[in-house]
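Here is a short briefing for a reader who is meeting this structure for the first time. Please look over the sequence and the model before turning to the notes below.

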Amino acid sequence: MTKSTESSFNNKSDALVQVTDLKKWFPVQKGWLEQKLAKRTDNVRAVDGVSFKIKHGEVLGLAGESGSGKTTIGRLVLRLLEPTEGQILFDNEDITHLKGEPLRLLRRRMQVVFQDPFASMNPRMSIGDQIAHPHQIHINNTPAERRSAVEEIMEHVGLTPANQIYDKYPHQLSGGMRQRAVLARALVTHPSLIVADEPIAMADVSVRASLLELMVRLKNEFDLTYLFITHDLATAKYICDRIGILYLGTLVEIGDLTEIYGNPLHPYTQALLEAVPVPDPKLRRTVAMPKGEIPNPINPPSGCRFHPRCPIVIDKCSQDIPPLVEIRPGHRVACWLAK
Ligand SMILES: Nc1ncnc2c1ncn2[C@@H]1O[C@H](COP(=O)(O)OP(=O)(O)OP(=O)(O)O)[C@@H](O)[C@H]1O
Ligand SMILES: [Mg+2]
């Protein structure tokens with residue numbers, strides 16, 4: 001298990017979100033005969049002992065290859081999934097097992113923006129009504145007050161003129177406009193935290209930059225904190241203050257943007273950064289992308305989970321799990337060879 005020194009923060013902290021040794025194991029579905037014969041239950045270890053904090057007003061990025069556990073962490077923080085183990089604090093309140101009315105009230109304070117705005121909208125409801133929907137659930141006010149609050153938010157996200165777009169349906173808007181509407185819907189309850197799961201990945205290349213700019217502006221205007229999930233380190237560079245790199249359900253490195261990009265210490269982070277396209281053809285790659293596929297999360301490799309793919313592996317790596325330790329101020333890495 002990767003132990004993070006971040007798990008030893010004081011109980012009262014400046015963090016909006018504080019996650020300690022978080023685990024989510026999904027039991028593997030089996031047929032009844034297989035279940036009878038099996039001596040043990042197999043689990044997909046989607047998240048396997050992750051600790052981090054997100055300060056008020058900060059953008060923490062989570063990056064890693066497909067299947068590394070990014071979305072599962074996002075859903076755990078939002079309390080859309082029940083953790084297997086670990087603790088989640090939100091504004092110093094333990095929300096790990098929150099249920100019922102307290103959980104409903106918490107939902108106002110944390111919102112989510114998914115990759116595909118079309119899939120997260122109701123095709124038969126007007127844009128304005130969809131944005132107003134969380135408002136209706138969480139805040140009791142008159143229809144006129146609600147419409148005016150929604151139009152104001154729509155103007156903020158660039159859905160103008162708001163009084164005309166209010167009555168349009170999702171298919172009548174472009175992909176970029178739809179994602180703006182999803183952002184407006186997230187903002188309408190005035191949340192503190194937004195979990196953005198690959199929010200621009202499906203948008204047309206031409207509108208990605210403006211969506212990111214919008215997210216930065218909204219963060220400042222609405223005093224937001226983001227958990228920004230991405231597999232694209234070029235995007236993360238634009239918006240994140242700190243970045244955590246995930247590999248097979250564990251954090252292998254976390255630190256300030258300048259540290260992770262300027263001084264990556266984990267061979268996996270180095271390989272991911274090397275894979276980011278550079279506009280200058282004269283710049284040659286020095287480190288190859290990690291060989292092979294991500295191993296099976298049901299039966300992860302012993303020791304460091306990255307060792308079968310690591311270009312600098314030593315014997316110790318297959319035997320002992322490297323702890324996530326602070327190598328430079330605020331820069332933590334889980335690698336036996338990191339100096
Ligand atoms: N409900 C579920 N039941 C079983 N396994 C799951 C479930 N949700 C996720 N997993 C598994 O957990 C692991 C992590 O999945 P997750 O979706 O969190 O990865 P991700 O980093 O978001 O990947 P991507 O970049 O493809 O979105 C994967 O092996 C996935 O198959
Ligand atoms: Mg995902």
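This is a predicted model: local features need pLDDT of at least 70, side-chain atom pairs count only at pLDDT 80 or more; totals for chains, interfaces and linings use all residues.

**Confidence**

- Over residues 1-10 the pLDDT stays under 50, and for this stretch the model has 27 contacts beyond four places in sequence.

**Surroundings of ligand 1**

- Ligand 1 is surrounded by 13 residues, of which the closest are Phe-26, Ala-46, Ser-66, Thr-71 and Thr-72.
- At least two residues of this shell come from strand E2 (43-55), and at least two from helix H2 (70-77), while H2 gives the most to the shell, with three residues.
- Sorted by class, the shell around ligand 1 consists of eight polar, four nonpolar and one charged residues.

**Helices H7 and H8**

- Two packed helices are described by the angle between their axes together with the distance between those axes.
- For helix H7 (residues 175-187) and helix H8 (residues 205-222), the axes come within 11 Å of each other and cross at roughly 15 degrees.
- Because angles under 35 degrees count as roughly parallel, H7 is roughly parallel to H8.
- The crossing in which H7 passes H8 is right-handed.
- On the side of H7 the contact is made by Gly-176, Gln-179, Arg-180, Leu-183 and Leu-187, and on the side of H8 by Val-207, Leu-211, Leu-214, Leu-218 and Phe-222.
- By class, the residues in the contact of H7 with H8 are seven nonpolar, two polar and one charged.

**Backbone details in loops**

- The peptide bond that runs from Thr-160 to Pro-161 is cis, with omega near -10 degrees, and Pro-161 has its place in the loop between helix H5 (143-156) and helix H6 (162-165).
- Asn-92, a residue other than glycine, has a positive phi, near 65 degrees, and Asn-92 is found in the loop between strand E4 (85-90) and strand E5 (93-94).

Conventions:
Residues are numbered from 1 along each chain as its sequence is written. Chains are lettered from A and ligands numbered from 1 in the order in which they are written. Axes are lines fitted to C-alpha atoms, for helices over the stretch in contact, and angles run from 0 to 180 degrees between N-to-C directions. Helices (H or I, at least four residues) and strands (E, at least two) are DSSP runs, numbered from the N terminus. Angles under 35 degrees count as roughly parallel, over 145 as roughly antiparallel, 65 to 115 as roughly perpendicular and the rest as oblique. A crossing is left-handed if the near helix is turned anticlockwise from the far one by less than a right angle, and right-handed if clockwise. Two residues are in contact if their C-beta atoms, placed from the backbone, lie within 7 Å. Ala, Val, Leu, Ile, Met, Phe, Trp, Tyr, Cys and Pro count as nonpolar, Asp, Glu, Lys and Arg as charged, and the others, Gly among them, as polar. A residue is near a molecule or strand if its C-beta atom, placed from the backbone, lies within 6 Å of it. pLDDT is the predictor's confidence in each residue, from 0 to 100.
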